[in-house]
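Have the chain open and follow along, bond by bond.

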Amino acid sequence: MKAYLFSLAFLFLSLVQGLNTRGQGTTVKVFHVYSPESPFRPSKPVSWEDSVLQMLAEDQARLQFLSSLVGRKSWVPIASGRQIVQSPTYIVKANVGTPAQTFLMALDTSNDAAWIPCNGCVGCSSTVFNSVTSTTFKTVGCDAPQCKQVPNPTCGGSTCTWNTTYGGSTILSNLTRDTIALSTDIVPGYTFGCIQKTTGSSVPPQGLLGLGRGPLSFLSQTQDLYKSTFSYCLPSFRTLNFSGTLRLGPAGQPLRIKTTPLLKNPRRSSLYYVNLIGIRVGRKIVDIPASALAFNPTTGAGTIFDSGTVFTRLVAPVYTAVRDEFRKRVGNAIVTSLGGFDTCYTGPIVAPTMTFMFSGMNVTLPPDNLLIRSTAGSTSCLAMAAAPDNVNSVLNVIANMQQQNHRILFDVPNSRIGVAREPCS
């Protein structure tokens, strides 16, 4: 139970507030997991050190997954979230079926297929979808095109069945359809996996919803409604009483926002690749080998925006150069370490700003997006680290701590990502 609570330590609970005009835009409120509205609040306080170490361990597992994913030799168009050990960082309230049954589904911008634990599931949590009582529930046949879009499909009967893994868990699902709604907008015939059996403890207890770019993602299946456009503002997890927002659809998105083009990797088309061309610490552009930032669809190298990773990870030569310049700018303060963080300070410091330089867009991060501080404020660490040390360590990941208090726009029709400062804590 302790490990489970740690894994949920920085989830955010999303509750829905729909706008009146169908399809023109929907705003979803985002609440901290420790807020009074959250059912996931730990029953006992979690220490700052334990929380940081747990997040680091979970991030390491996610980065290893992302690195192995981009290194695959063939295109896998679905379920990019498999083999992630952690619980994703955000959850949304989703109403499924007719009459509606409510689930707190994990949300992931690097994942496509949705799956929900269903009645009769072996190994699932106590919260399951009762398909028998839903008048709009249907199974998907083996001859349906969606059956070819899931990994490892099998057809022992008339229903398409598929297997996947998620961290230390294995998942067996039937491919099904039913209504789903994150707001007052009801999406009919949404295709998702109805989990029949699972092993291990890595599966999010009430299911997962993907916001990737694959054919079975929420973005693709609601294209007519939300025009493959969404944005979010993630509040700082240091503040307990706040809410951020997830906006679905083009309405209400910022009109003045700097953007950078989305890049396409046919071997991993779901991920949100961008062109990172440099990093500035303070006023100095760090000397980084161009090859360490270059986008390469063959190897999967490059830079992505990801909502499920907490702390930004940079490939080794990039991180080393950025870290060394950061330490130089801080001055002669004594450097310590904490778990995977190798640049920590036990006294007060003046941290420089850091600017991520993308094609057509610079994003300058203030210290609050760069440092994770203890509750007492006596210890602070540079909140980024090197990518996992394995053969596929070619991916730079811009993670959610560095995205907090910014509006991040995902505009797929215009093939761009936008970033604008927006306090939402």
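Start with Cys-118 and Cys-194, which are joined by a disulfide with their sulfur atoms 1.7 Å apart. Turn the view to look along that bond: the torsion about S-S for Cys-118 and Cys-194 comes out at about -125°, so this disulfide is left-handed. The link brings together distant parts of the chain, with Cys-118 sitting in strand 5 (residues 115–122) and Cys-194 in strand 10 (residues 187–199), 76 residues apart. Both Cys-118 and Cys-194 are buried. Keep in mind that this is a predicted model.

Now go to Cys-121, which pairs with Cys-124, the sulfur atoms lying 1.9 Å apart. Here the handedness is right-handed, with 60° about the S-S bond of Cys-121 and Cys-124. Cys-121 has 16% relative accessibility, and because the cut-off for buried is under 20%, Cys-121 counts as buried.

Next, look for Cys-233, which a disulfide ties to Cys-424, S to S 2.1 Å. The link between Cys-233 and Cys-424 is left-handed, at -90° about the S-S bond. Cys-233 belongs to strand 12 (residues 229–233), while Cys-424 is in the segment after strand 29 (416–421), so this pair ties together parts 191 residues apart in sequence. As for burial, Cys-233 is at 0% relative accessibility and so counts as buried; Cys-424, at 9%, counts as buried too.

Step back and you'll find 6 disulfides in the structure. Counting bonded cysteines along the chain, they follow the pattern 1-8, 2-3, 4-6, 5-7, 9-12, 10-11.

Notes:
Residues are numbered from 1 along each chain as its sequence is written. This is a predicted model: local features need pLDDT of at least 70, side-chain atom pairs count only at pLDDT 80 or more; totals for chains, interfaces and linings use all residues. Side-chain values use heavy atoms; hydrogens and water are left out. A disulfide is a pair of cysteine sulfur atoms within 2.5 Å. Helices (H or I, at least four residues) and strands (E, at least two) are DSSP runs, numbered from the N terminus. Buried means under 20% relative accessible area, exposed over 50%, partly exposed in between (1.4 Å probe, protein chains only).
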